Amino acid sequence: MDPFDAISPRKVLERVSTLLGCSQTSNEVATYLDNHDELKHLREQFLLPKVAELPPSDLTLVDGTKECIYFVGNSLGLQPKMAKKYIDEELDKWAKMGVHGHLQGSRPWAWAENNIEELMANVVGAKAEEVALMNGLTVNLHILLLSFYKPTAKRHKILLEDKAFPSDHYAVESQIQLKGYDPKESMLLMKPRPGEEVLRTEDILDTIEKEGDSIAVVLFSGVQYYTGQLFDMAAITKAGQKKGCYVGFDCAHAVGNAELKLHDWGVDFACWCSYKYVNSGAGGLAGAFIHEKNAHTVKPALTGWWGHNLKTRFRMDNEMDLLPGISGFRLSNQPVLLVCPLQASLEVFAMTSMAALRKKSRLLTGYLECLIQHYYNKDKAQPHKPYVHIITPSHPEERGCQLSLSFSVPIAAVFQELEKRGVACDMREPNVLRIAPVPLYNSFSDVHRFITVLGSALAASKELLQ
Ligand SMILES: *Cc1c(COP(=O)(O)O)cnc(C)c1O
């Protein structure tokens, strides 16, 4: 039996526990799944922080020499082991040959990022020439909106989620103002239905159908950062374009997490950062995508010398020979020291495929979901027992690896108790913990350890509150 087959995680747990003659919650199940995990060797490509290295170091209740439970790759991915080597290579080159490094060595600075665009394109389902690595995410979003958002009196709206990531919200707001429109009228914010926490695809498509004639750009995230919901990007793209809108996605939480097919879906444009699931380090080089169908019609509003044809770029004749598509949107030469860690991570992605990562991810996150439901469902018979509610959709097609958990008890205390026990995760006000088991480097044993630790953290936080 291949436990990673597409049967539901619950069935997998039933079968494995029957096979092993143990309970579904036993540690043996996690060990068995780890032993059968074809991607488990990828963990060795990353540096896992030790419990003692994490704050609050003086309060740690567990063995400090152990690896921590790192479930926060949705915020900052782990350091690939090769990152330092590559950065050192470029620092050495700089020391030894100075300016000649632009054209010399295995990573000539003048086109260092061009060498890894194909690896990046594979991760997002695009052609290499549809992808550029440059700037930061919010900068790229602005640069793209400058060209794709061309409001007219009739068609001036941007449709986005009501609780989009703040930076995206501000970017859209300021772009609308820049073009002389009023965000109150031109920002169309989609809320979930009353009493619901995530958006229904049917409602998104319905809104596009009804409002589409006045919408210039449909801009959703691929995976919602707070709820973990994975949007049906193919359906949204189709519906938006049918109404004559441009459709773009912020893939910050989707890249390296969900299987993206930006090219095949016909997405007009997209952008993402690379420090979350793509492990390039804080402030890493961001990505941007423009579909080849727009390569000759959508031009950059702002240009710089890096958008000039590489062959003649350094002739300096001040006659722009603009590269088509996203390449023409490049402004500055790219920081090679940021190319290095991104290269290190993309090479790990190239050792597998997003399809294989997703297959593991479904089971890994499904396993976490099953264990949470087993221990922490709301229990009417025990009204005082703390319970955990999963906000993230249960269907694997509607989520990536992250589960967003809300608690019946105040989360600040739970979060603190988890940290003391060597868990790195992320707390978002008002009351959500985001837990991201990342298929590249997390194990089934990590999930099992987490569940055990969550039990003691809840017990300890209850005592604290009494
Ligand atoms: C992480 C994230 C950002 C961060 O923007 P930067 O420009 O990289 O600082 C923006 N938008 C979304 C949706 C994100 O998830």
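Predicted model: local features only at pLDDT ≥ 70, side-chain atom pairs only at ≥ 80, totals over all residues.
The structure holds 27 salt bridges. One of them joins D446 to R43, with 2.8 Å between the closest N and O atoms. D446 sits in helix 14, which covers residues 444-465, while R43 sits in the loop between helix 2 (27-35) and strand 1 (46-47). D446 has a relative accessible area of 3% and is buried. R43 also counts as buried, at 18% relative accessibility.

A second salt bridge links R107 with E90. Here the closest N and O atoms are 2.4 Å apart. R107 belongs to the loop between helix 3 (82-97) and helix 4 (117-124), and E90 belongs to helix 3 itself. The pair therefore ties a loop to a helix, across 17 residues of sequence. R107 is buried, at 4% relative accessibility. E90 is buried too, at 3%.

R193 lies in the loop between strand 6 (187-190) and helix 8 (201-211). D203 lies in helix 8, and the partners are 10 residues apart. D203 is buried, at 18%. Some salt bridges share partners, and these join K85, E89, E90, K93 and R107 into one network. The pair of R107 and E90, described above, is found in this network.

The cavities come next. The count comes to two cavities of 30 Å³ or more. The largest cavity holds about 30 Å³ of space. Its lining consists of L160, E161, A164, D168, L219, F220, S221 and D250. Strand 5 (157-161) and strand 7 (215-221) are the elements that give two or more residues to this lining. Strand 7 provides the largest share, with three residues. By type, the lining of the largest cavity has four nonpolar residues, one polar residue and three charged residues.

The second largest cavity also has a volume of about 30 Å³. It is lined by R358, S361, R362, T365, G366, P396, R399 and G400. What types of residue make up this lining? One residue is nonpolar, four are polar and three are charged.

Helix 5 spans residues 137-148 and has 12 residues. From its first C-alpha to its last it reaches 16 Å. This is close to the 16 Å expected at 1.5 Å a residue. How many of the 12 residues in helix 5 are buried? Nine are, and the helix is mostly covered. The buried residues of helix 5 are L137, N140, L141, I143, L144, L145, L146, S147 and F148. An α-helix has 3.6 residues a turn, so residues three or four places apart point the same way. In helix 5, L137, N140 and L141 are among the buried residues.

Two single residues complete the description. E117 is found in helix 4. Is E117 buried or exposed? At 8% relative accessibility, E117 counts as buried. Leaving aside neighbours within four places in sequence, E117 is in contact with A128, V131, A132, L133 and R330.

I7 lies in the segment before helix 1 (9-20). I7 is partly exposed, with a relative accessible area of 29%. Not counting residues up to four places away in sequence, I7 touches V12 and R15. The C-alpha atoms of I7 and L363 are separated by 9.2 Å. Along the chain, I7 and L363 are 356 residues apart.

Definitions and conventions: Residues numbered from 1 in each chain as written. Heavy atoms only, no water. Helix = DSSP H or I, 4+ residues; strand = E, 2+ residues; numbered from the N terminus. Buried < 20%, exposed > 50% of the residue type's maximum accessible area, 1.4 Å probe, protein only. Contact = heavy atoms within 4.5 Å. Salt bridge = Lys/Arg side-chain N within 4 Å of Asp/Glu carboxyl O. 1 Å grid on protein atoms, 1.4 Å probe; cavity = no way out; pocket = protein on both sides within 12 Å on 5 of 7 lines; lining within 4 Å. Points joined across faces, edges and corners; volume = space filled by probe spheres on them. Nonpolar A, V, L, I, M, F, W, Y, C, P; charged D, E, K, R; others polar. Expected span 1.5 Å × (residues − 1).
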